[in-house]
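Hi everyone, thanks for coming.

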Amino acid sequence: MSIQVKSALESDRISHSYPYIELLQAYSENEYKGFYELAQEIEEQVGGALEGASLEYIRYPESASLFHVIEDNFPVFMHMNPTSSEVDYYKLGSLQTCYPYSHTEKPSGIILEDQSYLQIDFTFAHHIKSMKMFLLYSSFHYGRCNSDKEEFYFFRFDKESDFMFRVNTDPEYLNYKPVYHFHGNCDEPHFSVKRFGVIDKLDYIIDLLKINLERIESKTAKAHF
């Protein structure tokens, strides 16, 4: 029985952010059997970074792994760029800390000692031939909710496509959204930031929180979980 190869645009890992090969960023030189192996590796690095910064945290729910893996059950082809006919083949998977909720449901993710939270969401492309992992999209979202579970403060570092697509239309270039960007309480504007590696950005954000958690609370309000 042959396995059906679909367009990456048909993947549930993709919304309207147009995926293409030139966006991919090599995670490491290692080969991986699948996304669960990668999730375990990154979970150890996240836990080590939090403990190294003396930031206490809980998993929610506590019995769950830090990262929840959601993967397609079919391979996809992806174009080199939005105007190219050249393709290559991958399997797409997401690693999310916000299990059992989606990232739009807050608070969720890694719950910090002051009841604020850090959500980490990765979309990886597993190359069919080389078995190497490539980062397609990422989001590091820090937030604080009030007693009504409404988010009143957040900042986020994202890696997303600079093209949007809709069914039966050509990809649309988003001149306002750099691939690597940062934004705060308002989604606009998207401030361009330098290309970042997964672990380097993780370490940077954890160091930022270690220094600033008390300052953020003093200038905003108590967080509730």
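A quick definition before we start: two strands count as paired if DSSP finds at least two bridges between them. Keep in mind, please, that this is a predicted model.

With that in hand, let's look at strand E9. E9 and E10 make a hairpin with five residues between them, and Lys 149 in that turn has a positive phi of about 65 degrees. The two strands are antiparallel, paired over eight bridges, and Ser 138 sits opposite Lys 159 in E10.

E8 also runs antiparallel to E9, with 10 bridges joining them. Their hairpin has four residues between the strands, and here Met 131 takes a positive phi near 65 degrees. Strand E2, residues 25-31, pairs with E9 as well, antiparallel over three bridges.

The largest pocket holds about 770 Å³ of space. It is lined by 33 residues, and Ser 15, His 103, Asp 121, Ser 139 and Glu 160 lie nearest its centre. Elements giving two or more residues to this lining include E8, E9 and E10. By class, we have eight nonpolar, 14 polar and 11 charged residues there.

The second largest pocket has a volume of about 240 Å³. Its lining divides into 10 nonpolar, four polar and two charged residues, and strand E5 gives the most, with three residues.

Thanks, happy to chat!

Technical notes: Residues numbered from 1 in each chain as written. Predicted model: local features only at pLDDT ≥ 70, side-chain atom pairs only at ≥ 80, totals over all residues. Heavy atoms only, no water. 1 Å grid on protein atoms, 1.4 Å probe; cavity = no way out; pocket = protein on both sides within 12 Å on 5 of 7 lines; lining within 4 Å. Points joined across faces, edges and corners; volume = space filled by probe spheres on them. Nonpolar A, V, L, I, M, F, W, Y, C, P; charged D, E, K, R; others polar.
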